[in-house]
Every structure is written in structure tokens, then in C-alpha cells.
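Here is a friendly walk through a structure, taken one question at a time. Each answer sets a value beside the rule that gives it its name.

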Amino acid sequence: MRLIVPAEPVPIQEIAVNNNIKLFIKREDLIHPYISGNKYWKLFYNINRYLDKNPGKPYVITFGGAFSNHIAAVAAAGNAAGIPTLGVIRGEELRDKWRDNPTLLFAKRNGMNLKFVTREEYRHKEKLTEFLQLEFPEALVVPEGGTNKEAVEGIKMMLNDQTKDFDYLCTAVGTGGTIAGISKFCEENQKVIGFKVVDDDSLENKIVELTSRRNFDLIDSCFGGYGKIKDENIRFINDFKEKYGTPLEPVYTGKMMQKVFELIDEGYFPEHSRILCFHTGGLQGIEGANLLLEKQNRNLII
């Protein structure tokens, strides 16, 4: 079974703000119940073109951490497409604890085999990829986070006639694939803003290699580091959910939206700007985040 383009367009929701700014969020999180947001489009051409080759022993291999949205999405996509999957998971200490991890439990229930490696081994994913490709010569190996040329091409599906009239297009940035796709396929007059949730100085060059355009800016939105959740992030996410009825996760979209609000208050955007933010999903990560927050006796994400 191939991944398909949904019949109904993804809804765009207005987020009421002052400052003579028009702010909207495109709800890519609603595109599929389990293959969430940008991950659906990153996998769209990867999976479909792989199936076009009619592999005799299909297998999809990828990499991720304990609470990886990408791992969850690949497991669900493999299950939907009828393809066995393998997730190479950072942290061998999780080998006997995966049942206590909601993301890994979900992946396993969707048929994903899990291979746990040390953090040192994980840092050398190129070697791991070579070994796995030798062991499974017909396998499709998707990089961590899903970013490759097929993923960038898939992201163009997030842009359509509905998105053409916005001045600014905003997305969270992890591995750079989503912003590269938006940058590559957006209108000439549109400005793309990437909200970096990782401290990676090489990201800009990676994105340029993928898009060949320089129509984007990167803004630091780490709030203490990748995967770190501050009390102010929790307050913002819970206030946002209460006010607008839209859930945000704390690693990507939550930090992006918090930073967008800060920039609006600081006058970063000219008056009468029309801003579109992409909700890239990942809501499955809230459960895992709350497990960690509960252990720290902190407020939970609604």
C-alpha cells in the first residue's frame, strides 16, 4: 500500500494576535493519525519510490532516539505500507526498558524491530549504515530525521494555492529537510524563517545544499538545548492549547510558536504581515515528555 495525498486539504487556522499582524497555523498534524505532520511528506516519496522498485525482500531501516517522532512515523508508515521496519535506537540501556517508553512501545506494536546501540556507535551512523546495507541489500535506509532529497521533494506537498498569499512561512528546524523543501518550492516573494531547536552551526550550509536558495533566515529557538523543556515552554504550550484549542509538542512546534509570539511582540514583523506557521505534528512526544516531567515533580503538558 502506497502513501496517498489526502482528499481533503489540510486546514489553516487563524491565531488571533494584536500588533496589526495576521498569524495562521497550518495543521499538518491532522494529516494522518499516526504518521504525523512533516514526517508524512518526508516519507511520501521515500516509501512510494521504493515500492515502485518492487523489492523482493522489502525492509525500511532508520535511526532515532528514545522519543523520536521519526521512529514512530516510520513504524506507522511501514505498518500501513506492509513493509517490515528496523529502528536503530540510540542508547543500549533502553534494551530492557523499551516497554516503559511510549514511543518505542508504539513502534514495536506497529511491527518495528528495534536494534539498540551505544551512543558511541550511534555517532558513527555511516558505518552502521554500511553494515546494515550489506546485511539487508534490498533495504531502504532513511537517515535520522528523514532528511534526504526525496524528503525535500515531499515537503513541497505542504505548499499549495492556500499558502501562496502569505508573506512569511515559518517552521521548526531539526535536521533541515522541512525548511529546505519550503525554501525550494515557495513563491519568489515569500520569506522563510526557520526556528532552530538544535545548536548546530552547520545547518545553514546543509539547507542551502538541499534547496539552492537563500530565501530563509534561521533563528535560535533552543530554549536551553534540543529536547530541553523549560517551565516557560510548558506554560506557553498549555496557555496556547487553552486559548486556541491547538495542542503543541515541546521539542519543535511549541518552541517555534513561542518564539514567533516573542518576535511579534518585539516588532520583528512589519505591520500587516501575513505569517503562516507549519504545525509539524509530533504530538506523540507529549506522553514521553510528561513521563520525564512527572519524575522531576514539574507541571505537565496538557
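This is a predicted model: local features need pLDDT of at least 70, side-chain atom pairs count only at pLDDT 80 or more; totals for chains, interfaces and linings use all residues.

Q: Why are strand 5 and strand 6 said to stand at the edges?
A: The open sheet has 4 strands in the order 5-4-3-6, with parallel pairing. Strand 5 (112-117) and strand 6 (140-141) each have a single partner strand, so one side of each has no neighbour in the sheet.

Q: Which helix lies across strand 3, strand 4 and strand 5?
A: That is helix 2 (residues 69-81), which runs at about 165 degrees to strand 3. Such angles run from 0 to 180 degrees between N-to-C directions, with axes fitted as lines to C-alpha atoms, for helices over the stretch in contact.

Q: Why are helix 1 and helix 2 called oblique to each other?
A: Helix 1 (residues 38-52) and helix 2 pack at an angle of about 40 degrees, with their axes 11 Å apart. Angles under 35 degrees count as roughly parallel, over 145 as roughly antiparallel, 65 to 115 as roughly perpendicular and the rest as oblique. The two helices are therefore oblique. Their contact (heavy atoms within 4.5 Å) is made by residues including Leu43 and Ile47 of helix 1 and Ala73 and Ala77 of helix 2.

Q: What makes helix 9 roughly perpendicular to helix 10?
A: The axes of helix 9 and helix 10 (residues 253-265) cross at roughly 85 degrees and come within 10 Å. That angle makes helix 9 roughly perpendicular to helix 10. Among the residues that meet there are Phe236 and Phe240 in helix 9 and Met257 and Phe261 in helix 10.

Q: How do you know whether asparagine 233 is buried or exposed?
A: Its relative accessible area is 1%. Buried means under 20%, exposed over 50% and partly exposed in between, using a 1.4 Å probe and protein chains only, so asparagine 233 is buried. Asparagine 233 is found in helix 9 (residues 231-244). Leaving aside residues up to four places away in sequence, asparagine 233 touches Phe223, Lys228, Lys255 and Gln258.

Q: Which backbone atom lies 2.8 Å from a polar atom of the side chain of asparagine 233, and what makes that a polar contact?
A: The atom is the backbone nitrogen of lysine 230. A polar contact is a pair of N or O atoms within 3.5 Å; within protein, one must be able to donate a hydrogen and the other to accept it, and residues adjacent in sequence count only if both atoms are side-chain atoms. The 2.8 Å separation falls within that limit.

Q: Why is arginine 95 called partly exposed?
A: Arginine 95 has a relative accessible area of 40%, so it is partly exposed. Arginine 95 is found in the loop between strand 4 and helix 3 (102-109). A polar atom of its side chain lies 3.1 Å from the backbone oxygen of phenylalanine 116.

Q: What makes isoleucine 21 count as buried or exposed?
A: Isoleucine 21 has 7% relative accessibility, so it counts as buried. Isoleucine 21 is found in the loop between strand 1 and strand 2. Among the residues touching isoleucine 21 are Ile264, Phe269 and Pro270.

Q: How many bridges pair strand 1 with strand 2?
A: Strand 1 (residues 12-15) and strand 2 (residues 22-26) pair in the antiparallel sense over 4 bridges. The bridge partner of glutamate 14 is phenylalanine 24 in strand 2.

Terms used. Residues are numbered from 1 along each chain as its sequence is written. Side-chain values use heavy atoms; hydrogens and water are left out. Two strands pair if DSSP finds at least two bridges between them.
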